[in-house]
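Hello,

Here is the structure I promised to pass on to you. Have a look at it first, and my notes follow below.

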Amino acid sequence: MARPQDLPRGFFPFGNPFKNLSSKNSVLPSKLLSLLNNFETNLASSVRNLVPKEKTQILTVSWMKLAMESLCETHNSIKTLITDLELPVSDWEDKWVDVYLDISVKLLDLCNAFSSELTRLNQGHLLLQFALHNLEANSPQNLSKAQSSLDSWKKHIGSKNPRIENCRAIMSSLVQTLNLPKVKNSAKGKVLMRALYGVKVKTLYISGVFAAAFSGSSQILMYLTVSNELPWAQPFMEMQNTMNAEIKNIFLSEGLTVLKELEAVDSGVQKLYPAIQQGSVDPISLQPLKDSVTALSDGLDLVSKEVDCFFKILLSGRDTLLENLRSMGASTMLATSPRKAAGKKF
């Protein structure tokens, strides 16, 4: 997780895609309006829960776990909305299918990148455990081994992950998908596209925070402008403004990493270096490092589980859509084939 010294700035400027979804030109039936209002109210509530109450909560694995858990809930909600809309795939326009499949595969790529980085960070746990074991022995030979392990850990954490480096290009292409296709003759389609817009904005921003934290680069941090007409706009902008302002300050620091739990471990390591070099470590002084190592490992495990959950939700939705498309294709062939329809053999 390298820390390139770049200037903190917003990324991916674009216009207002919501103009394609404005309800001014059409009136939705009451049932559809109720479904949309409920979805967007829940979306607003989920975003509001992600607004950090304290600055110290920003760029922590605990916030990342909460954010990914929230994404899982939101993506499950859009699947429920599709069911409630009674909008079978057979009624989807081709461009809706294309948008869904394109977005889902890019999000799966991001999940794979995040999972690989979480695995890489957790691999450093073995080095830390070995170092602590030797520090507790407190002999010159063991202390030398401990320092070697700690130096290897710092080098490991500071290295780059090629998959994370590719996130910038993926995020850039995802931003373009915010310009959703116009829906002309389907009220249900308009509800779906507007709901998908909210899901994508939330997903994009959170993914941007993950990518920025893992890459150590603020250039991928996003600033998304949304219409005030949306019920979830106010909490989203509050979350975004609160997060971005503090994240930019964090990136101005000169620490090994921007993640608070990782920084706590690095701080504990730095405090022990003088004692290691002097040839004697007080066992009591090891406890803060032990605690921070445990907190980091446990936190990374929890985030990994939520990323895996998100991956499975995306994959399940994609597989279901593809299976429905295949079934539609088979049904169409059966209906248009006189011989098959009559049960005749070739």
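**What I found**

Leaving aside residues up to four places away in sequence, L135 touches L143, A146, L272, I276, V281, L286 and L289. Please keep in mind that this is a predicted model.

L135 also stands out in the largest nonpolar core, where L135, F210 and F236 have the most contacts. That core has 110 residues, and helix α3, which runs over residues 94–137, gives the most to it, with 18 residues.

Next come the salt bridges: a search of the whole structure finds seven. Here are three of them, taken one by one.

- **D102 and K106:** the closest N and O atoms of this salt bridge are 2.5 Å apart. Both residues lie in helix α3, four residues apart, or about one turn of the helix. D102 is partly exposed, with a relative accessible area of 31%, whereas K106 counts as buried at 15%.
- **E136 and K290:** their side chains meet in a salt bridge at 2.4 Å, N to O. E136 lies in helix α3 and K290 in helix α10 (residues 287–335), so this pair ties together parts that are 154 residues apart in sequence. E136 is partly exposed, at 45% relative accessible area, and K290 counts as partly exposed at 25%.
- **D308 and K312:** this salt bridge spans 3.3 Å, N to O. Both residues lie in helix α10, four residues apart, about one turn of the helix. D308 is partly exposed at 34% relative accessible area, while K312 is exposed at 51%.

Terms used: Residues numbered from 1 in each chain as written. Predicted model: local features only at pLDDT ≥ 70, side-chain atom pairs only at ≥ 80, totals over all residues. Heavy atoms only, no water. Core = buried A, V, L, I, M, F, W, Y, C linked by side-chain atoms within 4.5 Å. Buried < 20%, exposed > 50% of the residue type's maximum accessible area, 1.4 Å probe, protein only. Helix = DSSP H or I, 4+ residues; strand = E, 2+ residues; numbered from the N terminus. Contact = heavy atoms within 4.5 Å. Salt bridge = Lys/Arg side-chain N within 4 Å of Asp/Glu carboxyl O.
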